[in-house]
Amino acid sequence: MTRTSGYNIAVGLIVAVGSFTYGFGFASFATSIGQPGFFAYFNLSTTGPGAAYTNHILGAVNALFFLGACIGALGGGPIADKLGRKLGLTIGSAVAVVGGALTAGSVHVAMLIIVRIIQGSGLGALATLVPIYLSEASTPAKRGMLTGLHGFFLVSGYNISAWVGFGCFFSKDLTFGWRGPLAFTSIPPLILFIGCYWVPESPRWLITKGRVEEAWSVLSRLHGDPSDPDEIAAHEEFYQMRKQIEFEVHNARGYMAILKTPAYRKRAFLSCYVQYAANATGGLVINYYSVIIYENLGLRTYLPLLMYCIYTLIGALGNLLSLLTIDKTGRRPSLLVGFTGCFICVVIESAMVGRFVGTANPGIAGQKVAIVAIMFFVFFYGLFIDAASFIYSSEIYPTNIRSEGVALATFTYFAACITFVTPGATAIATIGYKYFVIFACLTLVSIFVIYLMYPETKGQSLEELAALFGDPVIVHLTDATDEQRQEMDRDIKNELITKQKEDINV
């Protein structure tokens, strides 16, 4: 079995900056609305009759940001197929740089809404392209770790954005207090844009385009093993990859193919549902409106921003631990434990808010329990759901539809954000804890769906996962017999001899 090289990890870290870019850009607005200068600059009231209008404006800004992300996600799939994963990342990062700069320079609400659509489209494309690349460039044994970088860097973006917003809170310049976090969102995509120069193209995409020699050159460097000087394991992996893609390249591709083919539809359901379910826990609502939630729980001045920093830090550490362990624990157990833990935490939080917040007899102890429940919620979400959901969504598709399949899953993620996050400010202000009761019910449903329908995928190559959905696997490596492996090695050796003869003749 091939080993993950240091070069492979380095490339993964560069690509994962795209995930950081999305997380940082997404969370920047969450910290900006915690700054007094934001509301003063745009003449928005947080109390009295004007508060309802303010909540509608916040909902509109969020909704149109996610609309842009939906557009970017759906566009990212075809771009990845036609232009390549590398060029797609380059384009997405360039759009994100421009969108971030324009967002920070917004001079009125209408401009803010429009440019957030542009920024969202760039970030949405990156959120699609990063897991595609990481899954295709990884070894079977460490695919969870490398693809898990997406979740870890994404939540790390949340966390760094939170600390930036916390620091900007103490600025004497109230305008900088909210513009600062938004302006910094252009830095990560600029780093990615430059870093893409050193990122090789996905070997699987190169094979689909007939660039086999270039694909082997990339794979041998990504999965090179000093203890295997003849590169036997890498040749076997490449042989399996090439034979499966040569078979799949004749299959239908694109969004319509996914909808028309039963095996593809099943993959799409599993991939999209896990992204919807992750959002249906209420995680993004808590993340986006955490400042408002903490204020409702009695925290004032800089404390809501500080609690948001701690919240996202727990999530980032959970994702880090997840990517280090998920290749051993598996995707299915991780998702089941995560959704169960989040369900319990949301129930406790709802009960505490309903009983002790906004009532005639508010209780400090109950408010503290609610805050603790929120922290345990992000622990379960970060450790067991965040990375696992993105890994699962990207690895179950065959190469010919992986780009469009992941794009659909990412689109579902952002569509769920529109559904749950957009009315969040108004819902929290009007129905309070009842909004989180909805999330508890949806999460309970997700536990049963995952238990009944989701197979385990760890340890197998992307090509071998086709068997889980009734599709043929051309070459088996994981469970190959000695005779099958010897026959495969003979075929590989003969191909190499033929190639050497051709090179000599040329």
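Me: What makes a residue count as buried here, and what share of the 506 residues in the protein is buried?

Reply: Happy to start there. Buried means under 20% relative accessible area, and in this predicted model buried residues make up 58% of the 506 residues. The accessible surface of the protein comes to about 19500 Å², and 68% of that surface belongs to carbon and sulfur atoms.

Me: How do you know whether the radius of gyration agrees with a compact globule?

Reply: We set the value against the rule. For 506 residues, a compact globule would have a radius of gyration near 23 Å. The protein has 24 Å, so the two agree. Along the principal axes, the C-alpha atoms fill a box of roughly 85 × 45 × 45 Å.

Me: Which elements make up the fold, helices or strands?

Reply: Helices: the protein has 22 of them and zero strands. As for how the chain comes together, take the contacts between residues at least 6 apart in sequence: 83% of these join residues at least 24 apart.

Me: What makes a set of residues a nonpolar core, and which residues have the most contacts inside the largest one?

Reply: A nonpolar core is made of buried residues of the nonpolar kinds, joined through side-chain atoms within 4.5 Å. The largest has 117 residues, and Y22, Y158, Y311 and F414 have the most contacts inside it. Helix α18, residues 364-395, gives the most to this core, with twelve residues. Apart from it lies another core of 14 residues, including F39, L44, L58 and L112. In soluble globular proteins, nonpolar side chains tend to be buried together.

Me: Which residues does Y22 touch, beyond those up to four places away in sequence?

Reply: Y22 touches F66, L123, L154, Y158, Y413 and F414. Two of these, Y158 and F414, are also named among the residues with the most contacts inside the largest core.

Me: Why is I371 called buried?

Reply: The relative accessible area of I371 is 12%. The cut-off for buried is under 20%, so I371 with its 12% is buried. I371 is in helix α18.

Me: Why is E231 called partly exposed?

Reply: Partly exposed is the range between the buried cut-off of under 20% and the exposed cut-off of over 50%. E231 has 26% relative accessibility, so E231 counts as partly exposed. You will find E231 in the loop between α10 (212-222) and α11 (232-248). The backbone of E231 deserves a look too: phi is near 55 degrees, a positive value in a residue other than glycine.

Me: Why are S446 and T103 called buried?

Reply: Each is at 0% relative accessibility, so S446 and T103 count as buried. S446 is in helix α21, residues 433-453, and touches Y273, A277 and F339, not counting residues up to four places away in sequence. T103 lies in helix α4, residues 85-104. Leaving aside neighbours within four places, T103 is in contact with L112, V115, R116, Q119 and L182.

Me: How far apart are the mean positions of the positive and negative charges?

Reply: The protein has 34 positive and 33 negative charges, and their mean positions are 10 Å apart.

Technical notes
Residues numbered from 1 in each chain as written. Predicted model: local features only at pLDDT ≥ 70, side-chain atom pairs only at ≥ 80, totals over all residues. Heavy atoms only, no water. Helix = DSSP H or I, 4+ residues; strand = E, 2+ residues; numbered from the N terminus. Rg over C-alpha atoms; globule rule 2.2 N^0.38 Å. Buried < 20%, exposed > 50% of the residue type's maximum accessible area, 1.4 Å probe, protein only. Contact = heavy atoms within 4.5 Å. Areas by Shrake-Rupley, 256 points an atom, 1.4 Å probe, with all protein chains shown as cover. Lys, Arg positive; Asp, Glu negative; His and termini not counted. Charge placed at Lys NZ, Arg CZ, Asp CG, Glu CD.
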